[in-house]
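Subject: Structure for your review

Dear colleague,

Please find below the structure that I would like to pass on to you. My notes on what was found in it follow directly after.

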Amino acid sequence: MLAQSIGRRFARLATNAVVRRPALWRLFRRPLTFQFDRLASHWETVIQADHLAPLEAALDELAEPPRRALDLGTGTGAAAISIARRWPEAEVVGADIAPRMVEEARRNLPADLAARVRFEMADADRLPYPDGVFDLVVLVNMIPFFDELARVVAPGGWIVFSFSGGAQTPIYVPPERLRAELAQRGFSQFANFDTGRGTALLATKATRP
C-alpha cells in the first residue's frame, strides 16, 4: 500500500510539473515508464470497473463516427477496444510509452478486432503520426502535451480528456487549464461531463485556422 501511495503522489507531481513546463518531461519520462511497466501485469486489478464511464459519456455526444481514433496512454487497451466496439468502421490506434502495457494490450485484443485495432509504443511528447491524421483522440488519466495533440487531431475532429476519479485521479488536469490550453490551439465547443467519481472534457478542433 505504501508503494502504491508513493506512486500515486509521484504521478501527480509529474503531471503538475509537466503541464506547467513540458520540457521537464525528460526528467519524468524514464521513472514513469518504469512505474507503469511494473503495474502492467496487474493493471486490470488496479482500475475500477467504471473507469471508462466519463469517457463513454463524452463519446455519446460525438456528432458522427470517427474514421481514425487514437487512444493515447492506452495502458492495457480498454479504451481503444471500447471505441472499436462502439464504431465498427473505425480504425483505432492504442499508444503507450510503457512496453509491458503495450504487450498486455495486445494480449487483451479480441481476435475479431485485430484487423482494425493496433497497439504500439509512442511517446506523447513526440508522436510518430502525421499532422491531422486522427478524427478522435482520447486520453484517459494521461498527461497531455497540447502542441502534439493539436497537431495530430484533424480539423473538425474531437479530443476527449477523461479522469476516472475526477480531481482525485493521480494524473489529473483541471478543466479550466484544459480549456485554456486548447483554446489557444484552435479548439472550442467545450463540454464537461460528470459521472459519479469521474469527469471528462470534450472539445472540437476548428475546421480552419
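How many helices and strands are there in the protein? There are 8 helices and 7 strands. Please note that this is a predicted model.

Overall dimensions

The radius of gyration is 16 Å, close to the 17 Å given by the globule rule for 209 residues, so the protein is as compact as a globular protein of that length. The C-alpha trace spans about 45 × 40 × 35 Å along its principal axes. Of the 209 residues, 53% are buried. The accessible surface amounts to about 10400 Å², and carbon and sulfur atoms account for 53% of that area. As for contacts between residues at least 6 apart in sequence, 64% of them join residues at least 24 apart.

Helix 8

Which residues of helix 8 are buried? In this helix, which runs over residues 175-183, they are L178, E181 and L182. Seen down the axis of helix 8, these buried residues fall within an arc of 95 degrees, so they line one face of the helix. Their cover includes helix 7 (146-152) together with strand 5 (153-163), strand 6 (187-195) and strand 7 (198-205).

Aromatic rings

A pair of aromatic rings is described by the distance of the centres and the angle of the planes. Because F10 belongs to helix 1 (residues 2-20) and F28 to helix 2 (residues 25-39), the pair ties together parts that are 18 residues apart in sequence. F10 is partly exposed, with a relative accessible area of 24%, whereas F28 is buried, with a value of 11%.

Y129 and F134 also form an aromatic pair, and its geometry is edge-to-face, with 5.2 Å from centre to centre and 85 degrees between the planes. Y129 is buried at a relative accessible area of 7%, and F134 is buried at 0%.

A charge over a ring

What sits over the ring of W87? The charged end of R86 does, at 5.3 Å from the ring centre.

With kind regards

Key. Residues are numbered from 1 along each chain as its sequence is written. This is a predicted model: local features need pLDDT of at least 70, side-chain atom pairs count only at pLDDT 80 or more; totals for chains, interfaces and linings use all residues. Side-chain values use heavy atoms; hydrogens and water are left out. Buried means under 20% relative accessible area, exposed over 50%, partly exposed in between (1.4 Å probe, protein chains only). Helices (H or I, at least four residues) and strands (E, at least two) are DSSP runs, numbered from the N terminus. The arc is that of the directions from the helix axis to the C-beta atoms. Contact means heavy atoms within 4.5 Å. Rings of Phe, Tyr and Trp (its six-membered ring) pair if their centres lie within 6.5 Å; planes under 30 degrees apart count as stacked, over 60 as edge-to-face and the rest as tilted. A charge sits over a ring if NZ of Lys or CZ of Arg is within 6 Å of the ring centre and within 35 degrees of the ring normal. The radius of gyration is taken over C-alpha atoms; the globule rule is 2.2 Å times the number of residues to the power 0.38. Accessible areas come from the Shrake-Rupley method with a 1.4 Å probe; for residues, only the protein chains shown count as cover.
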